[in-house]
Amino acid sequence: MADPNRPTQNRIIVLDVLRGFALFGVLLVNMLDFSGSGLRAGTLGTRGSPVDQVVDLGIVVLAMTKFYLLFSFLFGVGFAVQMRRVEGSGRHFVGLYLRRLVVLLVIGMAHAILVWDGDILRLYAIAGLMLLLLRRAPTRLLLGLALAIGMVGLVGFGAASNLQQISVGMTTAGLPYYTGDSYVALVQYRVAQQKPMVDIQIPMVLVMFLLGLVVGREGLLEQPDRYRPFLRRWWKVALPVGLVGSALLVAGYAVNSAWLVSIAVHIGAPALSFAYVAAVLLNAERLRWLAPVGQMALSNYLTQSLVCTTLFYGYGFGLYDRVSPALTLTLVLLLFGAQMLVSAWWMRRFRFGLMEWLWRSLTYWRIQPLLRTA
């Protein structure tokens, strides 16, 4: 039986590949916020040069909301895999996973206050409790709950009178803090602004958690070759649905229609996310170079925030709201390329990414071996 303390054994490589792919998309979208472009969501695709407009539209159509949902799906899959392995080794899973969620929540709070307030880790830590409560639920119940949550989110957010009611994001009131040169003042502003997370993506994050639990519990990603015909058929259906949904997202922001945006987020975005999953699984062997990035996804996610906030915020290089979309895309490619190189080098020598090692050590209340030769 595999030892849960030895994660380098029997890793599901396609999961790491998917995490690496998702991390690229998350950086692509987060860069809108890091750079200040996200302040003008209603003008995305209409500003700057023609190249800038194409970049903006490309990010909205192909990436916005899709990769958070993909990461949420993978979180649910990872939960199921960990539960099976921990219980198979004779350990008690609930207490262990509760500690894991608490550590993740602490990391997320530190990230949100000290580095970047667009953190998603807090939501994952809190929503992870739902997975614990439903871990023994039958598949039909999980699928029914996923459908119900998705429909509630679709109707609830669609009924909002405008987009400001369905998403709590950065406003121009924070500009002096993000462009100012005082890091302490920015941290104090973030602390003062902490409030319950309300966002249009939350219901679908929960839906993807549940679907990930179903897929992970059935072990479907561990034998992707068995499902290649299904993946090909699914890709052909999910891709056009996702692209139509993305077109609705662009139109919804353009005309300030909560209904269009809600339909895009609750139907189009998950469809395109699953089209990406199918495409990656069908080409997993060709994409194995993404696996090291995915193995240390938490470390890379936090590093992206550290690097980008230093580049753009006033206490760093002060590029906030001064960089064109085309240039921010170049920065995304450079940063992610560097992370691929560093991750490959690191994972040849170490068993975990640095933050993964800390997370695991705190979860098990024991310092975990870091070097591969240990």
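Arg122 counts as buried, because its relative accessibility is 8%. Here buried means under 20% relative accessible area, exposed means over 50%, and partly exposed lies in between, with a 1.4 Å probe and protein chains only. The side chain of Arg122 meets that of Asp119 in a salt bridge, at 3.0 Å from N to O. A salt bridge is defined as a side-chain nitrogen of Lys or Arg within 4 Å of a carboxyl oxygen of Asp or Glu. Asp119 is buried too, at 4% relative accessibility.

This is a predicted model: local features need pLDDT of at least 70, side-chain atom pairs count only at pLDDT 80 or more, and totals for chains, interfaces and linings use all residues. Residues are numbered from 1 along each chain as its sequence is written, and side-chain values use heavy atoms, with hydrogens and water left out.

**Salt bridges**

The count comes to four salt bridges.

| Pair | N to O distance |
|---|---|
| Asp119 and Arg122 | 3.0 Å |
| Asp16 and Arg19 | 3.2 Å |
| Glu285 and Arg288 | 3.6 Å |

Side chains of opposite charge can pair when their charged atoms come close. Arg19 and Asp16 are three residues apart in helix H1 (residues 13-35), so about one helical turn separates them. Helices (H or I, at least four residues) and strands (E, at least two) are DSSP runs, numbered from the N terminus. Arg19 is buried at 18% relative accessible area. Asp16 is buried at 0%. The pair of Glu285 and Arg288 has another setting: Glu285 is exposed at 61% relative accessibility, and Arg288 is partly exposed at 40%.

**Helix H5**

Arg122 is one of the buried residues of H5. Why is H5 described as largely enclosed by the rest of the structure? Because 10 of its 13 residues are buried. The cover over these buried residues includes helix H3 (66-88), helix H4 (93-114), helix H9 (202-218) and H13.

The geometry of H5 (residues 121-133) agrees with expectation: at 1.5 Å a residue, its 13 residues should span 18 Å, and the end C-alpha atoms are 19 Å apart. The expected span is 1.5 Å times one less than the number of residues.

**Overall fold and core**

The protein has 15 helices and zero strands. Of its 374 residues, 51% are buried. Contact means heavy atoms within 4.5 Å. Among contacts between residues at least 6 apart in sequence, 80% join residues at least 24 apart.

The largest nonpolar core has 106 residues, and Phe73 and Leu221 touch the most other members. H3 gives the most to this core, with 14 residues. Such a core is a set of buried Ala, Val, Leu, Ile, Met, Phe, Trp, Tyr and Cys residues joined through side-chain atoms within 4.5 Å. Which residues does Phe73 contact, leaving aside neighbours within four places in sequence? They are Met208, Leu211, Gly212, Val215, Leu221, Phe274 and Val277. In soluble globular proteins, nonpolar side chains tend to be buried together.

**Surface**

The accessible surface comes to about 16900 Å², and 68% of it belongs to carbon and sulfur atoms. Areas come from the Shrake-Rupley method with a 1.4 Å probe; for residues, only the protein chains shown count as cover.

Leu147, Met151, Val155 and Trp259 make a nonpolar surface patch of about 410 Å². Patches are made of residues with over 30% relative accessible area and no salt bridge; like charges are joined within 9 Å, and nonpolar side chains (Val, Leu, Ile, Met, Phe, Trp, Tyr) within 5 Å. Helix H6 (residues 139-158) gives the most to the patch, with three residues. Val155 lies in helix H6 and is partly exposed, at 45% relative accessible area.

Most residues other than glycine have a negative phi. Asp321 has a positive phi of about 60° and is not a glycine. Asp321 sits in the loop between helix H13 (297-312) and helix H14 (325-349). Asp321 is partly exposed, at 38% relative accessible area.

Trp365 also has a positive phi, near 55°. Trp365 is in the segment after helix H15 (354-364). Trp365 is exposed, with a relative accessible area of 67%.
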